[in-house]
Structure formats: structure tokens, C-alpha cells
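Have the sequence and the model open beside you, and follow along.

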Amino acid sequence: MKKGQILNRESFISNLSNILGREMPKEVVHPGLSSTPHLEIYKGFTQAQLAEEFHKNAQVNKAGSGGKIDSVIIEKKDLAKTVAEKLVEHGTGPIIAWNDERFAQWGLTDVLKDAYVWTDEKGRENVDKALNAHYGVCVSDLSLAETASYTVIDKLGKGRSSNFLPLNYVCIVPQSTIVPRLTQGMQKLHEMSKQGINPAAINFICGSSSSSDIELNKVWGVHGPIRLTYLIVSDL
Amino acid sequence: MGIKINNENFKKNLDKNLNNDFMRAAMVKAQDLINKNRTNVLSQLGDGNYREWQKLSGEVRAHVLENLDFYLNQFAENVVKNGGNVFFAKDAKEASEYVTKLAVERGVKKVVKAKSMVTEEIGLNHHLIDAGVDVKETDLAEYILQLDDWNPPSHMVVPSLHLNRTQIKDVFAKNGYSGKDIPEDLAAFARAQLRNEYVTADMGIYGCNFAIAESGAISLISNEGNIDLCTSAPELQVAVMGMERICATYEDADICISLLARNAVGAKSTSYTTFVNGITEEGAADGAKEFHVVIVDNGRSKVLKSQFKEVLQCMRCAACLNICPVYRQVGGHSYNAIYSGPLGVVLTPLLAGYDDFKELPYMCSLCGACTEVCPSNIPLHSLIHEHKRVLAEEKKVSAFWGASMSGAGMVLSRPWMYKLGTGVAPLMTKPLMVDGKIKKGISILKGWTDKRDLPALEVVRFRDWYAKRSKGGNK
């Protein structure tokens, strides 16, 4: 088939229109929501308060995961030292990081000097490096306080496999990226979409890979990262 | 597999499951644990007013159904703008054939697949396997069930709930596992087996929790992260969705997703909430280079036309299974279909017909607990009641049941017959009495006395005793 095809649309849609007893409308006015409880959560919170809530909820996740998830609030001046500590906390091994200029801006060049940097031009080698990585490092594009979620928005240099394959994960959460909840995340995606920007993937992540499929016993690291650490940076 | 999971007689299948002690205990444990977590986490949602969220979710889902043609068309247009392709499939056969043909034409040898109820419904795995494609289920439970010779799922969220750790160990042992029946070790074995599959597969297949009409995105919710891996490395990716799984906007999806994880697993969020928007940027080392969405009708349009259309608001969270007193006793396999619990009771006969599933509406006490918890505000117990009405009045599937109800109606609407009947009942049941109790009932009584004794009917009727008492007789 040709790229960008829609097959069987006419018969399928017209069947639905018949069932609905009218022609397909040219426009539908969304009635809006009859109430807005989702907008009330953490309403009016400052960035510092949202960071506290993010941290608090990450600590709840930590307790629920038997310590597999952790978070600390730090200042930018301590970022390099803390990243260095976290990249040996669960043993040593290969590191993979995004190709992201912010690492250099934040003084992480030296800490990440041995890391494999995702380089799209190298093709599948990136995926193999991610598969064998002991640590992955990323920066949250948007952070949700209510669920302690970080977000990665697909872009060249930020290979998807590097977000899901490493054994341990370190995520830098700039305080300025924290919003109350998924509601604001969805607002951002809505705005982007209105401008014609639809990234190939947007991942909201609030934990490490887990499953309760064996007698409802929670186990960690079924596929992707076993441990996840957030570094919430209060002055970024 | 398709919707029906076995060809056994319904009653025989039910009896077999009722004798599976582990499975029955697992259902109780699952219900208790998930409900405890669910109640806790819902109390923390905003100001804890779940009803308000439930109403909102019902509204956004109902709005989409009223305008389904428009939103599906908008969604399809946007998928194409994002570089993807859309195939509208009228039935299971069309959907499976499209995906299989795609795999064969592209020379696909291996598929990594994430858990998806609609791909179970259309029997996709076996189509692919028959075409010589190696299919790897990657959700831990589905992986276990695949290795167990495609054992059918018993729960929508925890499909392997009916298997204990020893049974899982034995299944893994046939595939090279030599450890003990420790969940962490078993999961580590699955991890070691599956991680390489993600990066060597030619094709990734996944379902869709909600499709976003305004952008063409597919949202995917999971704890394991296997779905994200299926969306990462394979260059050819296919999302399969039931046609009703649409949200008009991201804002609508926010309401639905906020309720989905809380109701499904009793958590504020699953570990991964993902939106996939077609093909990746030019030059990217991973992500989809070719993307297809298959939108499946398979009987849903008939449901949309019917008095049961609200069931299409369902988001497959399984909250209704987790609260249902019947599901608690009988387990998922007793419904003989991939959809179980109250949702299955409503949906299965609509998609697969009454002929094989006429018993399902009677697997309900009409207690209404499912309606109470449903995050999509579906009046499930009313729809089940409607099924019973259709079966009795329109399909007349049971001559005995119809005659019984007609007889009961006749007696209950004529006081002299009621008086006569209740007067002679103690005498009529006397031959069934053993040690002052009815232990072996016949006909409709048998269902009760198979499990417990029925107390003897009093010789003096209550209303006679009460009338006498009111006149100052025995108290």
C-alpha cells in the first residue's frame, strides 16, 4: 500500500452515520466538561511547592517499590557530584545518555565522559548500547507532581530505546518543568498539536518496570529499568 | 482464539472451575487487594469526589459515541498527517488478514506483541502464526499463557491470575528455566528471554487504550514497560483498536486516563503512560519507520444501534470484575469468553451472539455493584437485566424458564392461588425432607441445595401467624 493511506473509510464511516441517523457532520462542537475537578488539584501552588509535592509522591512510590524508586531535591551546584554518585550507586557498568547540550551547560561533561551518547547516525549500534547499559541518564521535559512522573518527548538524539532498556535510570527533573498533574501535560500536548507538532512518542514515566502477574506479587524490572532515581533540581 | 475460549458445555465448564480451589482463592485475593488499593487511591483523587469524575468520564465517552463517525474520520486524517496509515476493518477476519498480509509482504519473521484485548478478540496471533510469523507475547502474563500452549486469559488486567507460581515454574521449566517457584526469579527469566526479542523483532503490535481524535495519537497504559519497548525498536508498527476507543481531545483523555489506572490496578498512575503519533523523525535510529492503525468494528456498530450502546463507553479497567460477587466465585474462565465479569456478561452476547452465550446474563445477581464502580458510568446491571428481558421475551431461549415465570406470575397475581400454593408448599416439600431440612432439592431448588440445606417450610404461614399475633394470640 502507499504511505499515508486510509482504506475502507467511506463504507465504514457511512455505516456509522446511518446508524446515528444523519450525515456525518462537518464540524462537532465539543460541549466542554460539565465540571473541572482536575483543574483544582495543586491549584495556585508555587514551583517550590510543586517540587515538594513531586518529591513527596516519589517517596510514596519509593515506599511502595521497596526502594526501587528514589528522589532527592538538590541545587544545580550539586548536580554533577550527585549524578556521579548515582551512576555508581548500584554497581558500575556502561552508561548511555542523550545527545543533549544541557548536560554540558549544567557541568556534567566530565561526569558523563565515559557514557555512550545516543547518536542517530550510528543506527542500530545505539539500540545495542542501550540494551547493555547499566545506567541511563535523561532530563525530564515536563514533570507531573501528582504522580511524580517525568516525561520524555521523542526527538533526534533522545533515542526511545535508551529510555526503556538500561538497568538503572537517573532522571534530572528541573523544578521549572514541574506542573500539577497530567491535566497540564495534556494541555501542553493539545497546544503543540494545534501548532501541528505531534512528536512521534511522548512518554510519562512514574516508576520502574513492574508486574504483579505472578500471584499478584509485585516484582520489579520485568523488562526495562529496575531502579529509577529522580534528581529534582530546585534552581533549574 | 477469538471471543469464545473453549467449546465445552457451559455448565460443565462452570463446574470444572468451581472445583479449582487455587483459582477461586486467587480471585478472592485479587478482588480484595485491588479493591483496597482502588478505594484508597480514589479517596485521594482531588477532593475525593469520585462520582464527579465518573460523571465526567461518562459524558466524554458518550459524546464520542454520539459523534463517532466524525471523530473516527478526524482521527484517521490525523494519523495520516503523522505519517501513518489507517485500515477500517468491518470484522475480525478483515482485521487479522490485513495485519498478516502486511507482515508477509514486508518479510516479517518475528513480531513482539503487547497485551491487547481486541487482538485476542480477532484471533490475530493464530493468523500470524499460520502465516509462518514468530509471535512473541511480551506482557509477562501473556508470555506465560503463550508458553502454556495459549492458555486463555482469565482477567482483563491480570490474565494469568488463575495460575499459581508452581504451575508457572513448570511452564517455564519446559522452556529452559531451572530455578525455583519464586516470583522474582521467574520474572527475571522472562526478562532475560524477552529483552533481546524487542531489539531483533521486525514488527511491533500493540492495542490502544484511547485514540486521540484531535492529534491522531494512540495512548498506551502499562506498568511493565513492554508496550514502550514494542513502540521503540521495531521499524514496522501496528496499533489495533476497537472503533469505540476514541477520545475527542487530550483534555477528555486526561479524565479517562486519570480514572483508568486508579480503577484497574489501584494506583494513581501506571508506570508508563505513552502517546504514539505515527512515524519517527527522519534519521532517527529507532522508532517506527512505518505505522498502521487498524480500527475494528466486529459487531460494535450493531451495539451502537441498540439499547446496549452505553457498553461501548467501557475503558477495559476491570473494576466491574473486581467488585462482582459472581466473578469472585466462578473466575474468568467460567464466562467461556475473553471478556469476563459484568462487562463480559453484557458485551460477549452482543459481539458473539446469544447462541453460545445465553447463560451469561444469569451469571449476575443484579446487585448493581458493577454500576456503582464503573469509571465510564455504564449502567452495567441494567444492561444485564435488559439481556434477561430480551432472552425471556424476544428470544424465548428457555421454554422451561418461560413457563416457570408465567406460572409464577399467574400465582402471584391471584391471591387465592397464592394462598393455596403457600398453604400446600410444606406438604409438597415433605418428601424432600431429611432431618428437618431439605437437603436434595429438585428442579430450581437443586441449585440451592447442592451447596447448602434449605430450612423446612413452616406449616403456619407468616401472614397467618402475624394476623393471629395482632389479635393477641401467640407472640
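Entry 1: I began at Phe210(B), which stands opposite Ser219(B) in E6(B). This is a predicted model, so I kept in mind that local features need pLDDT of at least 70. The two strands here are E5 (residues 210-212) and E6(B), and I found them paired in the antiparallel sense over three bridges. Four residues lie between the strands of this hairpin, and I noted that Gly216(B) takes a positive phi near 85 degrees there.

**Entry 2: how covered is E6(B)?** Next I looked up how many residues of strand E6 (residues 217-222) of chain B are buried. The count is six of six, so I wrote the strand down as mostly covered, with under 20% relative accessible area as the cut-off for buried. I then sorted the residues by face, since in a regular strand the side chains alternate between the two faces of the sheet. Ala217(B), Ser219(B) and Ile221(B) are on one side, while Ile218(B), Leu220(B) and Ser222(B) are on the other, and both faces are covered.

**Entry 3: on to the next strands.** Which strand does E6(B) pair with over five bridges? I found E9(B), again in the antiparallel sense. In that pairing, Ile221(B) has Thr273(B) in E9(B) as its bridge partner.

**Entry 4: the contact between the chains.** Chain B brings 109 residues to the contact and chain A brings 87 residues. The size of an interface is often given as the accessible area lost when the parts come together. For chain B and chain A the buried area is about 8000 Å², and carbon and sulfur atoms give 57% of it.

I got five salt bridges across the interface of chain B and chain A. One that I checked joins the side chains of Asp254(B) and Arg181(A), at 3.1 Å from N to O. On the side of chain B that touches chain A, helix H10 (residues 183-200) of chain B gives the largest share, 10 residues. That side of chain B divides into 50 nonpolar, 31 polar and 28 charged residues.

**Entry 5: chain B as a whole.** I stepped back for an overview. Chain B has 475 residues, and 58% of them are buried. I counted 22 helices and 13 strands in its secondary structure. The C-alpha trace of chain B spans about 95 × 55 × 45 Å along its principal axes. Of the contacts in chain B between residues at least 6 apart in sequence, 74% join residues at least 24 apart.

Entry 6: My last stop was a pair of loops. Ala148(A) has a positive phi near 50 degrees, and it sits in the loop between strand E6 (143-144) and strand E7 (149-153) of chain A. Is Ala148(A) buried or exposed? Its relative accessibility is 0%, so it counts as buried.

Asn377(B) has a positive phi near 60 degrees. Its loop runs between helix H17 (369-373) and helix H18 (380-395) of chain B. At 37% relative accessibility, I noted Asn377(B) as partly exposed.

How values were computed:
Residues are numbered from 1 along each chain as its sequence is written. Chains are lettered from A and ligands numbered from 1 in the order in which they are written. This is a predicted model: local features need pLDDT of at least 70, side-chain atom pairs count only at pLDDT 80 or more; totals for chains, interfaces and linings use all residues. Side-chain values use heavy atoms; hydrogens and water are left out. Contact means heavy atoms within 4.5 Å. Buried area is the accessible area (1.4 Å probe) that two parts lose on being put together, summed over both. A salt bridge is a side-chain nitrogen of Lys or Arg within 4 Å of a carboxyl oxygen of Asp or Glu. Ala, Val, Leu, Ile, Met, Phe, Trp, Tyr, Cys and Pro count as nonpolar, Asp, Glu, Lys and Arg as charged, and the others, Gly among them, as polar. Buried means under 20% relative accessible area, exposed over 50%, partly exposed in between (1.4 Å probe, protein chains only). Two strands pair if DSSP finds at least two bridges between them.
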